[in-house]
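Colleague: I have a few minutes before the meeting. Can you put the model up and take me through some of the strands and side chains?

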Amino acid sequence: MNDPTIAGLVRPAEATFAAADRDVLASYWHPVAYASEVAEMPLARRLLDVRLVVFRGEEGICVARDLCAHRGASLSRGSMDGTTLVCAYHGFRYSGTGACTGVPSQDPSVPISRKLHLQTFPAVVAQGLVWTCLRPPAAAPPPSWPGLPLPGWQTMEMPASTWKAAAPRQVENFNDVAHLSFVHRGSFGNPSAPRIHEYRVDEHADGLEFTLRYPQVDRDTLAQSPEVISDMTYVYRLTLPFSTLLSIIAPDGRILNVYDVATPETARQSRVHMLLSRNYSTGDPTAPAIEFQSYVNNEDRPVVEDQYPEDLPLDLREEVHTSADRMSISYRRRLAALGLTGAWVA
Ligand code: FES
Ligand SMILES: [Fe+2]
């Protein structure tokens, strides 16, 4: 049985979520960093209004509340001494289990209080991301995607980006199909193909799936000609609440997988991790593809950050829907079924 609430982990002045919605989302795994980022320095992160520190201990990657057990300093201001996290205030030392292993101000023969222990959360690494759950046991596992890297494929980590938008807004945009011919005219969108043909959304226990054909401007670097159009198949697999794998399949067998996960730092700010994996051009430099995908994401971001209301309306009567919006209708329904209210700011 989950703890009833995680409100006690949030500094009151920093609470942005309605407490009930925060508790629902705290029962899921969310990524807080790429595993490759967790290196010489502790990382400061925020998840569901909770300040976290992420570091690499001897036992593996540790996710803990960013709060020293001595005088409440932020541990992310500290440093690493090998696999030991050292608080910047009085130098207390912590192992990857969260146990305090050294108190410089007292004689080493004095036993260390067992109360000097960090509040830790489970951490798993999958797809190169560090996932954590603030209210274990989790309601569902992380997305059941095949582990990365796929053999023979080339994997790229996009730099994590901050969106001043609610996570469900980012996710709905990533799964929205009617915007491609408009927002993405400067990259892969085909202005001559605004019409979205009927598609079916399959409901799964952990999420939603649908397939769409789209005559895309066939390029994945800005240097390529925007003249070639290819009839792509897009397969979207959304894992609730905020993870999507989009497979872009070309008629000649080229596949680009785009993994998109929005982490709700606050009710209206998200950290977006994205990975690309492709089965073609696997020996090419990655920079042009990363630059192109950043360009695409930056076509979306200002639109999403500007949407009103800021929170995704989960009551379907609040907005007007067309047949192209089938996916977003299903997504809003499923978020509501998780117990979210959509009235997210306390
Ligand atoms: S507050 Fe961290 S060592 Fe004192
Ligand atoms: Fe988009």
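**Strands, rings and a glutamine**

Modeller: Start with strand β17, residues 243-249, which runs antiparallel to β18 and is joined to β18 by 7 bridges. Keep in mind that this is a predicted model.

Colleague: Fine. Which residue stands opposite Asn257 of β18?

Modeller: Ser247 is the one opposite Asn257.

Colleague: How many residues sit between β17 and β18 in the hairpin?

Modeller: The hairpin has 5 residues between the two strands, and Gly253 in that turn has a positive phi of about 100°.

Colleague: Is β17 enclosed or open?

Modeller: Largely enclosed by the rest of the structure, since 6 of its 7 residues are buried. Strand β18, residues 255-266, is mostly covered, with 11 of 12 residues buried.

Colleague: Arg278, noted. What does the side chain of Arg278 touch on Gln154?

Modeller: The two side chains make a polar contact at 2.8 Å. Gln154 belongs to strand β12, residues 154-157. The Gln154 side chain also reaches the backbone oxygen of Thr282, at 3.1 Å.

Colleague: Buried or exposed, that Gln154?

Modeller: Buried: its relative accessible area is 10%, and the cut-off for buried is under 20%. Leaving aside neighbours within four places in sequence, its contacts include Leu276, Ser277, Ser281, Asp284 and Thr286.

Colleague: Changing topic. How many aromatic pairs are there in the whole structure?

Modeller: The search finds 5. In one of them, Trp145 and Tyr259 have ring centres 5.2 Å apart and planes at 75°, so that pair is edge-to-face.

Colleague: What does the Trp145 and Tyr259 pair tie together?

Modeller: Parts 114 residues apart in sequence, because Trp145 lies in the loop between β11 (129-132) and β12 while Tyr259 is in strand β18. Both Trp145 and Tyr259 are buried.

Colleague: And Phe210 with Tyr236, stacked or edge-to-face?

Modeller: Stacked, because the planes are at 5°, with the ring centres 4.4 Å apart; the limit for stacked is under 30 degrees. Phe210 is in strand β15, residues 207-217, and Tyr236 is in strand β16, residues 229-239, so the pair links distant parts of the chain, 26 residues apart.

Colleague: How accessible are Phe210 and Tyr236?

Modeller: Phe210 has 1% relative accessibility and counts as buried. Tyr236 is buried as well, with a relative accessible area of 2%.

Colleague: Which residues make up the cluster of ring pairs?

Modeller: Tyr199, Phe210, Tyr214, Tyr234 and Tyr236 are linked into a cluster by ring pairs.

Colleague: Last one. What lies over the face of Tyr280?

Modeller: Arg254 does, at 5.8 Å from the ring centre.

Notes. Residues are numbered from 1 along each chain as its sequence is written. Chains are lettered from A and ligands numbered from 1 in the order in which they are written. This is a predicted model: local features need pLDDT of at least 70, side-chain atom pairs count only at pLDDT 80 or more; totals for chains, interfaces and linings use all residues. Side-chain values use heavy atoms; hydrogens and water are left out. Buried means under 20% relative accessible area, exposed over 50%, partly exposed in between (1.4 Å probe, protein chains only). Helices (H or I, at least four residues) and strands (E, at least two) are DSSP runs, numbered from the N terminus. Two strands pair if DSSP finds at least two bridges between them. A polar contact is a pair of N or O atoms within 3.5 Å; within protein, one must be able to donate a hydrogen and the other to accept it, and residues adjacent in sequence count only if both atoms are side-chain atoms. Contact means heavy atoms within 4.5 Å. Rings of Phe, Tyr and Trp (its six-membered ring) pair if their centres lie within 6.5 Å; planes under 30 degrees apart count as stacked, over 60 as edge-to-face and the rest as tilted. A charge sits over a ring if NZ of Lys or CZ of Arg is within 6 Å of the ring centre and within 35 degrees of the ring normal.
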